[in-house]
Structure formats: structure tokens, C-alpha cells
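Biologist: Can you walk me through this model? I'd like to start with the ligand and its surroundings.

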Amino acid sequence: MKYAHIIGWGRYVPNRVMTNDQMAELVDTTDEWIFTRTGIRQRHIAGEQDTTATLAFEAAARALAVANVSPSQVDLIIVATSTAEYAFPSTATQVQSYLGASNAAAFDLSAACTGFVYAVNMAWQAIATGSVKNVVVIGAEMMSRVMDWEDRQTCILFGDGAGAVVMQGSSVPGGVIASALHADGSGGNVLSLPNVYKNHAAIMSPTYELNGADKNVVGMHGRQVFRFATSVVPDSIREVVAKANLTVKDVDLVIPHQANSRILESAAKKLGIPEEKFYSNVHRVGNTSAASIPIALCEAIDEGRIKPNDKVIFIGFGGGLTWGSTLVRWGSKAPDELKLLEREWKRTRYVMARGRAKLRQWGRQLSAYFTPSPNPDARLKDAEKDKDKKKGVD
Ligand code: COA
């Protein structure tokens, strides 16, 4: 049995910040209303050139640098996202190409804001069976492209960004210890984002006229989501702690999905643990859906909130409805030591990866040009000629 350790991490949020005051120029709201109801002060909004895959790539490249793992050593890339640019190719295969991770399989995983927790679980299972060694798990979202910017209940909540971890198989005990995943499809209407678009390409373009009739946007029943979240967060934490034969008091830090600070306050109260045990950065980044837990994890590490051997819980909840927790015993290296390993990640390597991808595209075009047409009429004629030849011989 192999243990799955988190040995690298990275985050990327676009530079552009939208404050609550700026939001109030778009919809009828105030900084005070948003902050008191949600704890959010600002969110990051992607630029015109960004895509979900480019955000994911930036986070993954940083995580690989911390892990000191080269892209060619990666066996699997999982991207948890609800805002994939295409149904196919997946965001994960785009990231695979950008990284030049030529030995990696890649797929997207859809579990809304719980996506990262689901993806870590899948990576853990794959590592435990011995079928893979190094897995890059990414949560990446471009929520700003699927917002109804006239709906003040939803557009104030979400932001863009990506976070990634590198998970590695090892015989040393530790890493992921327990995990519990759940879903309840009867609540699918509570939080939803349709993705069969009338005009998909136009919608995903950043210059698309927002709020056009054919734009698909997030729909939400806020109160129902709130009630659901405040009930599943404490239950899920209790469940994963029990699976690991620990108690809630043994937990050093909870990295929750960053949806709303009031959800976290309520969960801490129900569990009888201090609120400080719930890491929160929702005021800085808003709700970045599947990206929120890995972004928060990176910030917690940077702030020295995680020490070697700490028991850390990731808890996610969101559309589906889905929810789940993972309990991790943190690695033995102190974050400071690991920071020393963090080099300026090798930009040239990734420029070359893009060059190689372009060459392969041209190669495929050329070889298709010289390949005989699989036209069925031509094949029929060939078969008839063969028959005639045979008759002649007889
Ligand atoms: N600014 C100002 N007023 C707003 C507003 C905004 N951005 N959004 C809603 N309102 C108004 C409503 O119109 C309503 O006004 P009315 O009483 O005159 O009709 C009033 O505020 C209360 O609206 P309501 O929707 O009942 O507010 P709420 O207390 O439930 O708070 C949320 C709304 C969205 C903040 C809250 O339900 C919530 O946090 N839900 C969870 C959402 C979430 O986390 N989603 C992601 C999960 S992954």
C-alpha cells in the first residue's frame, strides 16, 4: 500500500482586483451589505487573455517547482473545474500540453465547489494502487465568465483563480489518511450552471456582450445553499475525523471551501472548536469554487499556519449537491525548508513545451495531407476490382 503525500503547491490569481465598491457600480449593493453577509471584500477577475487552462497551468507550474518534480515525471493531471473552456479537449489536457508533461494522462472532474476534494481523493486512490506515482491535482475556475452581472445575489460572491498540489506516492506513512465524499442530486436545482450553450464559442470569449440572451449563468437559491452548507460542514468533518480514528480536537487546521465566513462561523460553533482553526481568505478572493481550497492551502502555508505532522482537513461543499472532506497528515518538511527549493520556475521549459506542441500539430496536419482518403466509394471500387481479378483467375 502506497501513501499519498502532498509535496508541492502553487496558486495563481489574476492581477485585476474588483472591490465591493467597484461591484456597487455594477449592481445595487454596498460594501457593507456584502461584507456583513459574506465576509467578502474583493475578488480577482481574469483578463481577456486568460482561460481556465492558463490559470491552471500557472498554479501547476508553481506546484511542480515546490515539489521539485519535472513535468515529464508527472503520471496524471486532474483538473477540478466547472468552467472548462471546452467539453473536450479537457482543461487537463490543455494543461498537460502547456506543461509538456508528455507522460501524463489527463482529465477534468466535475463536482462544483467540492471538485478539489473529490480530485484529491481520486489521486489518493490511484497512488495507493500503485498505478501512478506523481499526480498534479488542480482546482481552476473562471467564474467571472459565467456570472449574470445583473444578479446581485450571485455576482457579488464569486472570483477567478487556480490552485494546485503535487501528490506523490511513498512508502513513508502519512499524507492522505481518510476521505469521505457525498452527493445528493435531488438538490441539483439549488445551485446550477447549464453548459449546453446556444453559442458556446461566443459566450466563452471575454469580449462577449455580458447578459446576452444565450449566455448561461450560475443560478442559486442562496438561503437553501446556506442551510445545506451549515449542516454538512460539521457533519462531514466529524465523519472524516472518525474514519481516521481521531477526534475533532486532534485537528490542527481546517481548510474549508471559501464560500462565506458566516458558514464557517456556524460550523466552528457546532463543532465546539475555535473559529481560528478554520482558515479563511474569503475576504481577499471571494468564492473561487473548485480553486478555493488549494488557493487557501497555499496562503495558509505561506503564513506558517501548517507545521510538519499537523492534521489538516479539506472540506468542500457545493453544486450537485456535493460535499466531502479529506484528512491529511502534513509532511515532515517544514514549509520554510521547502521554500528554499522554490526556484524561479523554469519559463524556458514551458516556452519550449508550447513550441513542441505546435510542431506536433503541424506534423499531424502534414501526415493527414499525405494519408489516402478513407472515402468509402474508393474502397468499394477497389473491392470490385479485386473481385474481377479473382474471377479472371478462376
Ligand atoms: N446587495 C444588497 N441587497 C441584496 C443583495 C446584495 N448583493 N443581494 C440580495 N439583497 C437583498 C434582497 O433583494 C433582499 O431584499 P428584500 O428583503 O427587500 O427582498 C434582502 O437583501 C435579503 O435577501 P436574501 O436573499 O434573503 O439574503 P440572505 O440573507 O439570504 O443573503 C446570501 C444572501 C447569498 C448572501 C446568502 O443566502 C448566502 O450566503 N447563501 C450561500 C451562498 C453561497 O455560499 N453559495 C455558494 C456555495 S458553494
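**Ligand shell and backbone notes**

Modeller: This is a predicted model. Helix 2 (31-38) and helix 7 (222-243) each supply at least two residues of the shell around the ligand.

Biologist: Which helix gives the most to the shell around the ligand?

Modeller: Helix 7 does, with four residues.

Biologist: And how many residues surround the ligand?

Modeller: There are 20 residues around the ligand, and the closest are Thr 29, Arg 37, Arg 152, Arg 223 and Asn 260.

Biologist: How do the residues of that shell divide into nonpolar, polar and charged?

Modeller: The shell has nine nonpolar, seven polar and four charged residues.

Biologist: What does the side chain of Asn 260 have by the ligand?

Modeller: An N or O atom in the Asn 260 side chain is 2.6 Å from an oxygen atom of the ligand. Arg 152 also has a polar side-chain atom by a ligand oxygen, at 2.8 Å.

Biologist: Which ligand atom does Thr 29 face?

Modeller: A nitrogen atom: a polar side-chain atom of Thr 29 lies 2.7 Å from that nitrogen.

Biologist: Which pocket is the ligand's space?

Modeller: The ligand takes up the second largest pocket. About 490 Å³ of space lies in that pocket.

Biologist: What lines the second largest pocket?

Modeller: The lining has 22 residues, and those nearest the centre of the pocket are Met 220, Gly 222, Arg 223, Phe 226 and Asn 260. The elements that give two or more residues to this lining are helix 2, helix 7, helix 8 (261-271) and strand 12 (311-318).

Biologist: Which of them has the largest share of the lining?

Modeller: Helix 7, with four residues. By type, the lining of the second largest pocket splits into twelve nonpolar, seven polar and three charged residues.

Biologist: OK, switching to the backbone. Which peptide bond is cis, with omega near 0°?

Modeller: The one from Phe 88 to Pro 89. Pro 89 sits in the loop between strand 4 (76-80) and helix 4 (91-99). The peptide bond from Gly 320 to Leu 321 is cis too, with omega near -5°.

Biologist: Where does Leu 321 lie?

Modeller: In the loop between strand 12 and strand 13 (322-329).

Biologist: Why point these bonds out?

Modeller: Because most peptide bonds are trans.

Biologist: What about phi of Asn 68?

Modeller: Phi of Asn 68 is near 60°, which is positive in a residue other than glycine. Most residues other than glycine have a negative phi.

Biologist: And where is Asn 68 found?

Modeller: Asn 68 is in the loop between helix 3 (52-67) and strand 4.

Note on methods. Residues are numbered from 1 along each chain as its sequence is written. This is a predicted model: local features need pLDDT of at least 70, side-chain atom pairs count only at pLDDT 80 or more; totals for chains, interfaces and linings use all residues. Side-chain values use heavy atoms; hydrogens and water are left out. A residue is near a molecule or strand if one of its heavy atoms lies within 4 Å of it. A polar contact is a pair of N or O atoms within 3.5 Å; within protein, one must be able to donate a hydrogen and the other to accept it, and residues adjacent in sequence count only if both atoms are side-chain atoms. On a 1 Å grid over the protein atoms alone, a cavity is a set of points where a 1.4 Å probe fits but cannot get out, and a pocket is an open set with protein on both sides within 12 Å along at least five of seven lines; lining residues have an atom within 4 Å of a point. A molecule sits in a cavity or pocket if more than half of its atoms lie within 2 Å of its grid points. Ala, Val, Leu, Ile, Met, Phe, Trp, Tyr, Cys and Pro count as nonpolar, Asp, Glu, Lys and Arg as charged, and the others, Gly among them, as polar. Grid points are joined across faces, edges and corners, and a volume is the space filled by probe spheres set on the points.
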